[in-house]
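Keep the structure open while reading.

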Amino acid sequence: MALPTVEVRIPTILRPYTNNEKVVSADGESLSEVITSLNTNFPGIGDRLLENGELRRFINIYINDEDVRFMGSLAAALKTGDSVTILPAVAGGRM
Amino acid sequence: MTRYESLEASLGHTPLIGLPKLSPKTTEGAPRVRLWAKLEDRNPTGSIKDRTAIAMIDDAEKTGKLKPGATILEPTSGNTGISLAMIAKVRGYKLVCVMPENTSVERRQLLEMWGAKIIFSPAAGGSNEAVRLAKEIAVENPDWVFLYQYGNPANTLAHYQTTGPEIWEDLPEITHFVAGLGTTGTLMGAGKFLREKNPEIAVIAAEPRYGEVVYGLRNLDAGFVPELYDASILTRRFSVGAQDSVKRVKELLEVEGIFAGISTGAILHAAIGIANECIAAGASAHIVFIVCDAGWKYLSTGIYSNDGDADVLEGQLWA
């Protein structure tokens with residue numbers, strides 16, 4: 001059976017890796033597999049997201065707008081049609 | 001008791017309002033899912049930040065950091081600055097705010113009205129840049145008192161001692177607490193209190209997702225996570241964009257008559273998502289969410305008019 005295909009939204013700072021594409025597709029049943037798939041298509045991007053096999057501290061990744069750190073992090077499950085958004089951590093609102 | 005010795009003394013004890021029309025409909029006999037709004041615009045300067053500001057100033061006075069006539073420094077996109085400005089005015093302090101230049105005009109006017117001095121940080125850096133610049137200014141001006149809401153335990157403590165207990169007193173049946181994630185003070189403080197009362201209560205964060213300008217030039221290695229943040233307090237965390245936030249703010253206005261600021265739309269969006277999940281799971285729920293402030297300060301964005309579009313918020317720090 002084919003792996004799920006998801007769309008991944010790339011932040012401006014990482015677009016040099018994706019030929020300036022804002023949205024790219026990737027395959028995988030888990031976030032970890034999706035990142036591996038991204039890195040195969042866009043070499044080097046994986047290192048910007050991961051450090052020692054973990055999500056980098058200042059990177060937030062969301063599956064359908066929910067933070068993956070509360071969904072199993074790299075083990076978070078994906079299905080076809082899911083949307084993955086990568087964003088740098090910011091000082092939030094109403095400060 | 002609704003008589004108070006002063007404006008400051010009227011802080012907190014804000015109403016918890018049921019949303020009979022916006023709560024999802026359930027068939028008769030099925031478990032009920034109810035939404036409750038805690039109206040924090042009913043605080044002295046009209047936002048939840050009055051709790052944080054008064055607690056930080058009280059703490060700095062108690063520990064001797066803040067002496068009569070001193071200058072307070074704070075990075076703020078508006079509400080904390082407005083709260084601090086009012087209290088500083090009344091208690092005789094000076095206030096310098098470091099604020100991103102892409103915030104609404106009303107917020108600047110309110111700050112200046114209470115006598116605060118504003119130093120603008122570049123739009124492109126968003127709040128991160130305001131925090132960075134404020135830390136730099138703090139080093140250059142060691143005699144100024146840097147309260148720093150992102151790392152000041154008095155911020156979390158204010159919500160642990162007031163917001164959390166108020167909710168618990170009004171609605172011990174609470175199953176979910178949903179609030180905005182900025183300094184993280186509300187969620188860390190009230191969330192921790194509620195969890196201690198009942199470990200089953202889910203604590204849910206809604207953070208605003210801004211337009212690309214705000215994230216644009218950000219270096220991934222120089223990101224920012226508030227010192228107060230403790231992920232173990234949270235159950236789930238959602239990122240909500242301007243379109244969804246504006247849609248919900250209008251819904252709250254049209255369906256329940258509540259006039260809230262834009263960031264509340266992001267929180268309501270997460271709360272309604274949770275409500276729908278509870279319905280699907282056949283579970284009853286009492287979902288409390290925070291209305292951070294009213295919409296007055298955001299009228300100039302035009303989003304409240306009938307054809308008001310969230311696109312105007314692109315590049316703005318709308319929450």
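**Domain layout and one exposed site**

In chain B, the C-alpha centres of domain 1 and domain 2 are 25 Å apart. The model is predicted. The domain assignment of chain B places 8–46 + 162–307 in domain 1 and 49–146 in domain 2.

**Where the domains touch**

- Contact between the two domains of chain B involves 22 residues of domain 1 and 19 residues of domain 2.
- On the domain 1 side of chain B, helix H5 (153–170) and helix H7 (212–216) each supply at least two of the residues that touch domain 2.
- H7(B) gives the largest share of that side, with three residues.
- By class, the side of domain 1 of chain B that touches domain 2 has nine nonpolar, nine polar and four charged residues.

**Val255(B)**

- Val255(B) is part of helix H8 of chain B, which covers residues 242–256.
- Is Val255(B) buried or exposed? Val255(B) counts as exposed, because it has 12 C-beta neighbours inside 10 Å, and the exposed class takes residues with 12 or fewer.
- Leaving aside residues up to four places away in sequence, Val255(B) touches Lys21(B) and Leu22(B).
- How far apart are the C-alpha atoms of Val255(B) and Asp307(B)? Their separation is 17 Å, and the two residues are 52 residues apart along the chain.

Definitions and conventions: Residues numbered from 1 in each chain as written. Chains lettered and ligands numbered in written order. Predicted model: local features only at pLDDT ≥ 70, side-chain atom pairs only at ≥ 80, totals over all residues. Domains from an automatic or database assignment. Contact = placed C-beta atoms within 7 Å. Helix = DSSP H or I, 4+ residues; strand = E, 2+ residues; numbered from the N terminus. Nonpolar A, V, L, I, M, F, W, Y, C, P; charged D, E, K, R; others polar. Buried ≥ 20, exposed ≤ 12 C-beta atoms within 10 Å, placed from the backbone.
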